[in-house]
Amino acid sequence: MKNNLTEQNIIMHVDVNSAYLAWSAVDALENGAKIDYRQIAAIVAGDPKTRHGIVLAKSMAAKKCGIKTADTIFSARQKCPQLKIIAPDYALYMRCSNALGELLASRSPLVERFSVDEYFVDFSGVKACQNDPIGYAHRLKDDIYRRLGFTVNIGISSNKLLAKMAGDFEKPNKVHTLFKSEIATKLWPLPIGELYMVGRKTLPKLTALGLTTVADLATVDKNFIARHLNKFGLALRDLANGEIDNFISTDKDGPVKGVGNSTTLPFDIVAKDEAYTVILSLSEMVCLRLRSKMKLAGRLSLSIKGNDFKRYSHQKTLSQPTDDTTTIYRAARQLFDEAWRGDAIRALGVRLSNLTTDDFYQLSLLDYQSLEKRKALNKTIDQLRLRYGRNSIFRATFSHSEFAPTKGGTADMTNFAKLKSQL
DNA sequence: TCTGGGGTCCTAGGACCC
DNA sequence: TCTGGGGTCCTAGGACCC
């Protein structure tokens, strides 16, 4: 076994247990709270008054009551009447995430943030880890707890996907391995719904095909699964066998493909002007982020969610790539006019994709001057917002509006320091 | 006081070109 | 003037992840 390990890559997946809840609990304790939220039935959830009332994270005790992530607060309360409900603090979560990233980076230069509460670390070239990765992982896990106050699960394997699945075994505060040689004993016995990428829609399809365990999927006839689930089915079968070459990439190091913001309104919108206002505030945020990445967008899409929760969208390829707020806003408004079915609107979203670098701006001679003026204006606005806050400057439209001048953004975007460093 | 927000990838049909 | 077929782009929608 040891020989085996030294010959292959050592990838670890580090996953914070009940991240938002744990981070809020640590923060509360540091601020003098008498109880540890992790020890009681507690959840982190948004505010139902603004129609954001869903469960974002839960304690183990809350989980035992049957509360799941994305449950409504309403249903969570029914499952557990004495539930403690904590409001999310995204800026805090970003600080905790960064602190974990820094600790990991002190152990290996190859650290990749996979989400706010998950990192991949490549320890292949780290001597202290090579002879005993499991012992090393235990010491790392305990060190994280001692220094940062929260527990993690660590999954170990020779690639990211298997490491991630290992990290999803028993929780919390555990270290697991899932090397290829262990797939038949550790992965195959699991119910098929626990396999990565088997979600709400796929599970019943697999069940209907008579597949109930990962082993069933791993050994199913290829043609059979391809006939029913196409390419996705074949990829899932490969995954069940630990073959990940054809599977969905876990690589987040690559360039970002798109930038989008969306928001659920506190009440349904029925007037076009109100929709325009929200579209403008979303455009402001999306364009700020786009410019901070030094990109131009070639495609714009606008999505509308009605009060029936059904989402529909409309998109267009822009005549030329841009990062200008006014240009994007006008185009988004036009998309809205073309798409809107006249129904009550619950949520709106603006998304930019087909990104290119902004080192050359295709200039049309006719509007060269106005383009330069707009670029200068955008830059000034960005700098003011990054220095004094996102709503320190806003368009006159918003001075008597019930809508915020910029809209959208949770974890990474509330961290203006980070955006600033990208400018 | 009932249901978030940020992403990625895949599919399928139609337009258009050769 | 009985009508194919491949390739690529565009668009809408849906699946999954955290």
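Let me start with one residue. A87 sits in the loop that links strand β4, residues 84–86, to helix α5, residues 90–105. Keep in mind that this is a predicted model.

Is A87 buried or exposed? A87 has 11 other C-beta atoms within 10 Å, and the cut-off for exposed is 12 or fewer, so A87 counts as exposed. A87 and A218 are 131 residues apart in sequence, and in space their C-alpha atoms are 42 Å apart.

Now to the inside. The largest nonpolar core holds 64 residues. Those with the most contacts inside this core are M12, Y20, L21, I43, I154 and L217. Which helix gives the most to this core? That is helix α2, residues 19–30, with six residues.

Y20 is worth a separate look. Leaving out residues up to four places away in sequence, Y20 touches V44, L56, A57, P88 and Y93.

Last, the DNA. How many residues surround DNA strand C? The number is 17, and the closest are S115, G199, K201, T202 and Q315. Strand β11, residues 311–322, gives the most to this surface, with six residues. Sorted by class, the surface near DNA strand C has seven polar, six charged and four nonpolar residues.

That is the end of my part.

Conventions
Residues numbered from 1 in each chain as written. Chains lettered and ligands numbered in written order. Predicted model: local features only at pLDDT ≥ 70, side-chain atom pairs only at ≥ 80, totals over all residues. Core = buried A, V, L, I, M, F, W, Y, C linked by C-beta atoms within 7 Å. Buried ≥ 20, exposed ≤ 12 C-beta atoms within 10 Å, placed from the backbone. Helix = DSSP H or I, 4+ residues; strand = E, 2+ residues; numbered from the N terminus. Contact = placed C-beta atoms within 7 Å. Near = placed C-beta within 6 Å. Nonpolar A, V, L, I, M, F, W, Y, C, P; charged D, E, K, R; others polar.
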